[in-house]
Amino acid sequence: MRVLREVNGYTQEYIASELGINQNTYSKLESGQTRLTVDRVKKLAELYKITPEYFFSDELPTINYNSGPNSHSNSGVIGSYNDRGDDKVKDLFLQLLGEKDKIIEEKNETILLLKSELSTARKERDRLIEILNKMPEKL
């Protein structure tokens, strides 16, 4: 991640802001102290214009620091992302996306259930308040 960031001339602060996190959190991602989420992988892939599978590859990218003939600038670009059709990596990525979708669906179903239960509880509360208000003050 650091190589991608530096090659593109980005600061940690910039990448962190693009991911919606603070620089310290991004630093932990870059150093491997924290794992990337699928959503952050997608955002980074968009930002660097690479496929998300890049982040799951065991191979290091080829870096070309020359932007032209006889050039020795530091503004290099990723020279070649080797998409060998590694089905294992793609399958893993698709599996992770599928799992993420399942988790989101389960979350949405839980939210609907909780909303329904909350609505039922509010109706029951209102019914009990109505009953209490109809009762004589002294029993």
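Begin by selecting helix 2 and helix 4, which are oblique to each other. In this predicted model, the axes of helix 2 (residues 12–19) and helix 4 (residues 38–48) come within 10 Å and cross at roughly 125 degrees. The crossing of this pair, helix 2 and helix 4, is right-handed.

Next, display the whole chain as a cartoon. Five helices and two strands are present, and their order from the N terminus is α-α-α-α-β-β-α. Of the 139 residues, 20% count as buried.

Now turn to the salt bridges, of which the structure holds nine. Select K100 and D39: the closest N and O atoms of this salt bridge are 3.7 Å apart. K100 lies in helix 5 and D39 in helix 4, so the pair ties together parts that are 61 residues apart in sequence. K100 is buried, at 18% relative accessible area, whereas D39 is partly exposed, at 49%.

Move to helix 1 (residues 2–7) and select R2 and E6, which lie four residues apart, about one turn of the helix. Their salt bridge has its closest N and O atoms 3.0 Å apart. R2 is partly exposed, with a relative accessible area of 46%; E6 is also partly exposed, with 40%.

Then select E130 and K134, both in helix 5 and four residues apart. These two form a salt bridge with closest N and O atoms at 3.5 Å. E130 is partly exposed, while K134 is exposed.

Finally, show the surface of L128, I131, L132 and M135, a nonpolar patch with about 360 Å² of accessible area together. L128 lies in helix 5 (residues 87–134) and is partly exposed, at 43% relative accessibility.

Technical notes. Residues are numbered from 1 along each chain as its sequence is written. This is a predicted model: local features need pLDDT of at least 70, side-chain atom pairs count only at pLDDT 80 or more; totals for chains, interfaces and linings use all residues. Side-chain values use heavy atoms; hydrogens and water are left out. Patches are made of residues with over 30% relative accessible area and no salt bridge: like charges are joined within 9 Å, nonpolar side chains (Val, Leu, Ile, Met, Phe, Trp, Tyr) within 5 Å. Accessible areas come from the Shrake-Rupley method with a 1.4 Å probe; for residues, only the protein chains shown count as cover. A salt bridge is a side-chain nitrogen of Lys or Arg within 4 Å of a carboxyl oxygen of Asp or Glu. Buried means under 20% relative accessible area, exposed over 50%, partly exposed in between (1.4 Å probe, protein chains only). Axes are lines fitted to C-alpha atoms, for helices over the stretch in contact, and angles run from 0 to 180 degrees between N-to-C directions. Angles under 35 degrees count as roughly parallel, over 145 as roughly antiparallel, 65 to 115 as roughly perpendicular and the rest as oblique. A crossing is left-handed if the near helix is turned anticlockwise from the far one by less than a right angle, and right-handed if clockwise.
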